[in-house]
Amino acid sequence: MIDYSKVFNSTVEEMKPSGIRRFFDIAATMEGVISLGVGEPDFQTPWHIRKAGITSLERGKTKYTSNSGLMPLREEISRYVERKYGVKYNPENEILISVGGSEAIDGVIRAVTQSGDEIIIPQPSYVCYEPMTALAGGTPVIIETKAQDDFKLTPEALKAAITPKTKALILPYPCNPTGAIMEKEDLEKIAQVLKDTNIVVISDEIYAELTFGKRHVSFASIEGMWDRTVTINGFSKTFSMTGWRLGYACGPKEIIKNVTKIHQYAIMCAPTTAQYAAIEALKNGDEAVENMKKEYNRRRKLMVSSFNEIGLTCREPKGAFYTFPSIAVSGMGSDEFCEKLLMEEKVALVPGTAFGESGEGFIRASYCYSTEHIIEAVERTGRFLKKLGK
Amino acid sequence: MKSEIVKLLTENARYTFDQMAKMLGCDAKTVEAEVKALEKEGIIKGYKTIVDIEKCEDAPVSAMVELNVIPKADLGFEEVAQRVAEYPQVESVYLMSGGYDLNVVVKGKSLHDIARFVAKELATIDSVTSTATHFVMRRYKEMDVILCENEGDDREYIL
């Protein structure tokens, strides 16, 4: 018999399952649960994009593409990021098509990290950066961003976290779960701290097109930052294409070359059908994105006002599709709050702690749901608070 | 603001003033005043319920009737269209481009009921030169709402 206790990489064994999961495994066994939990759009991929995928299949485009991805797609991405964010990348060797943004993030972390290297991760943030860093043999260095700073990364906090071992900084804005964005002047202050260092910036801009009021500023567009920055983006959130699994990394050819090596051996290439659909998305998807954004914005305003009305202080999230209200008024911790809310009113939310310890005292509510659904979920949450006497 | 309110109410006429105010970022009193104004101006004509009538007992039968009409010198199609619209059996009347003039949606208790109405009432109007009746066999979508059973929310919790 095999002794499994001797089989596994200890880093993998010690990895905890994502905190987002825990409640939903419980919720899945209950009747009548209403959820604000998922992190993916409720819209279908716009039809003309789906059609482009179907057409590619009809034409028999079922082979591998090159490792870096279809050249016409890389050319479209190059045009797209230039017209949207004013940053230039050569489609020849500065763009890599990946399986979702996640694969690209993992690839860049692995390409730069050696045992003992420190990767700075602002939190609360998406759950993948810490385990990916650990798997690559690096040491995650957490910066706890604060509500009073609108969950932005401050230059002071960054400066304090940098050591001679710092290899890279993850810049996760617009931010899941806080909805925080970094404006041009915020990014310029970060650039000031980084400019004389050798630190690589992994800028996860997957929600770049989902900002409200302010246009997204890409970190690579900040003066002097292009050659240390890898920008991660993708199709999942912007074009509602989560299931197609398609993202990309843009960066200096020196970095992209090494990330491509990992991609080449681990993945070979991103799905071909998705790549054809993505070309159509970039060429003709602007109007559909604008319409989805209008709908998100309406839900966002509804959710923020409704949470504030029932007594949960909720800042205005400027990006992504989440609100991150404070539950301080309940006197409970995030986990306890979410568990009791699920049991008593059958509302499923994600505790802020799923995104790092600094998420304590907050909950993440996604507005990838119909307005009727949001109204019902907030109503139940309000009833729950009332029963608590809050 | 007005067009935003019309859009919201077209989606869901049961939104409260307060809910709309939250979505539009203004106060409920303002929305209420705008809705009243829209009603007064006749832009909002009424509020009805979308029903899947195939699930109801005594579901009425519907037909689309194409009418060819000789327009009047001064009044064009207005006179006959308005006359047709007066019938309680008529659900909607549209002036069409293309092969015929008026599209009339008619409802009745039975096919026979509608056939009789078309033959006795619509076909006998002086300026009507011909009719073609198409019965509705099944409804799949009504006023933007898909009526066939859909799959619901199939998103998984993956992380």
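**Strands and sheets in a predicted model**

User: How many bridges join β7(A) to β8(A), and in which sense do the strands run?

Analyst: Strands here are DSSP runs of E, at least two residues, and helices are runs of H or I, at least four, numbered from the N terminus. Two strands pair if DSSP finds at least two bridges between them. Ile232(A) stands opposite Ala249(A) in β8(A). β7(A) and β8(A) are joined by four bridges, and their sense is antiparallel.

User: What should I know about the model and its numbering?

Analyst: This is a predicted model: local features need pLDDT of at least 70, side-chain atom pairs count only at pLDDT 80 or more, and totals for chains, interfaces and linings use all residues. Residues are numbered from 1 along each chain as its sequence is written, while chains are lettered from A and ligands numbered from 1 in the order in which they are written.

User: Which residue in β8(A) stands opposite Ser98(A)?

Analyst: β2(A) also pairs with β8(A). Four bridges join them, and they run antiparallel. Opposite Ser98(A) stands Gly247(A).

User: Which residue in β6(A) is the bridge partner of Leu169(A)?

Analyst: β5 (residues 166–171) and β6 (residues 200–204) of chain A run parallel. Four bridges join them. In β6(A), the partner of Leu169(A) is Val201(A).

User: Which residues of β8(A) are buried on its two sides?

Analyst: A residue is buried if 20 or more other C-beta atoms, placed from the backbone, lie within 10 Å of its own. Both faces of β8(A) are covered. One side has Gly247(A) and Ala249(A), and the other has Tyr248(A) and Cys250(A).

User: What is the radius of gyration of chain A?

Analyst: Chain A has 13 helices and 12 strands. The radius is taken over C-alpha atoms, and the globule rule is 2.2 Å times the number of residues to the power 0.38. For 390 residues the rule gives 21 Å, so chain A is as compact as a globular protein of that length, with a radius of gyration of 21 Å.

User: In chain B, which residue is the bridge partner of Val69(B) in β4(B)?

Analyst: β1(B) and β4 (residues 128–135) of chain B run antiparallel, joined by seven bridges. In β4(B), the partner of Val69(B) is Val128(B).

Definitions and conventions: Buried ≥ 20, exposed ≤ 12 C-beta atoms within 10 Å, placed from the backbone.
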